[in-house]
Amino acid sequence: MQIGVVGLGRMGLNITRRLMKAGHQCLAFDVNASAVTTARGEGAMGAASLADLVKAFDQSPRVIWLMLPAGRITDEAITTLAELLSPGDILIDGGNTHFKDDIRRANALAPRQIRYVDCGTSGGIWGAERGYCLMIGGPKDAVSHLDPIFRALAPGLGDIPRTPGREGEPSQAEQGYIHAGPTGAGHFVKMIHNGIEYGLMQAYAEGFDILRGRASSDLPEGERYDLNLPDIAEVWRRGSVVTSWLLDLSATALIRDPDLKSFSGEVADSGEGRWTIETAIEQATPANVLSASLFARFRSRQKSYADKLLSAMRLGFGGHVETKPADKKEG
């Protein structure tokens, strides 16, 4: 199948590579000309503009996959493409878009009969090799037409045992992709996926912090443990109920840099964690762990006014003076 890819960042370029490896013809565009040159050098047909990209198609319907930052940049690209595409053509947004934006865009494109598909894409920088977990929303006819694309990008069955009770021909879900529902459903499922990811990451981070803190000189000498965190991460990877890819990544980081000195500890959030909590509030659905993990990311970036007020209260009732960084004990 012929497909245009707009946005050749780390994931966009890897998506292009995986599609070409599966035999699909890729037309590539990015505002960064060097990224287009890289894609062209690996077998893609490069384009100098969105207009050139659309003109380069010799198959119908045209299919264009957007892998751009959520928000204004994606909106502007869609607005431009809407003027260039024809009825029946398909636009896929594979970025981290809010599901309500998907609904708005699909409605705006409907009078032009341009079909809009949203695709939550998980796999990060490893997707070219491992494949991408895809959560798809949009009209059934468009999604069905795109099945060869999704099948090529998904990881397939691999070596993961089938879930007991699943029999017969492996489903799309077992292959690593699903048509979750109508417009916005794909990004909605991916949004919740990322919210859960925040919670899992926070649990690992706090657990290892407690393990590390057990060596503190503030504890009774007989109750201190100087624990080998890389080995603990490794043993948990093998037969433990908490094994996961996130634990695999933690084990790799800890063996390379046990004290994590190369990291600042200031953790960003991509937006989907916030959207998950906003959705939980909208639905009055309790999300204690997910909301706490998001707030922990906010807390990592600054010494807040709340911290200052805590220090002021401690000084007021107990004469506790703030500990200077040089006075802090390792542990």
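Helices (H or I, at least four residues) and strands (E, at least two) are DSSP runs, numbered from the N terminus. This is a predicted model, in which local features need pLDDT of at least 70, side-chain atom pairs count only at pLDDT 80 or more, and totals for chains, interfaces and linings use all residues. Residues are numbered from 1 along each chain as its sequence is written, and side-chain values use heavy atoms, with hydrogens and water left out.

Start with helix α5 (residues 99-109). Asp101 and Arg104 both sit there, 3 residues apart, about one turn of the helix. Their side chains form a salt bridge at 3.3 Å, N to O. A salt bridge here is a side-chain nitrogen of Lys or Arg within 4 Å of a carboxyl oxygen of Asp or Glu. That rule gives 19 salt bridges. Asp101 is partly exposed at 26% relative accessibility (buried is under 20% relative accessible area, exposed over 50%, partly exposed in between; 1.4 Å probe, protein chains only). Arg104 is partly exposed too, at 40%. Both residues belong to a network of salt bridges that also links Asp75, Asp93 and Arg105.

Lys190 and Glu272 meet in a salt bridge at 3.4 Å, N to O. Lys190 lies in helix α10 (residues 185-213) and Glu272 in helix α13 (residues 272-283), 82 residues apart. Lys190 is buried, at 4% relative accessible area. Glu272 is buried as well, at 0%.

Last, Arg17 and Glu42 form a salt bridge at 2.7 Å, N to O. This pair also links distant parts of the chain: Arg17 is in helix α1 (residues 10-21), while Glu42 is in the loop between α2 (33-41) and β3 (45-46), 25 residues apart. Arg17 is partly exposed, at 30%, and Glu42 is partly exposed, at 38%.
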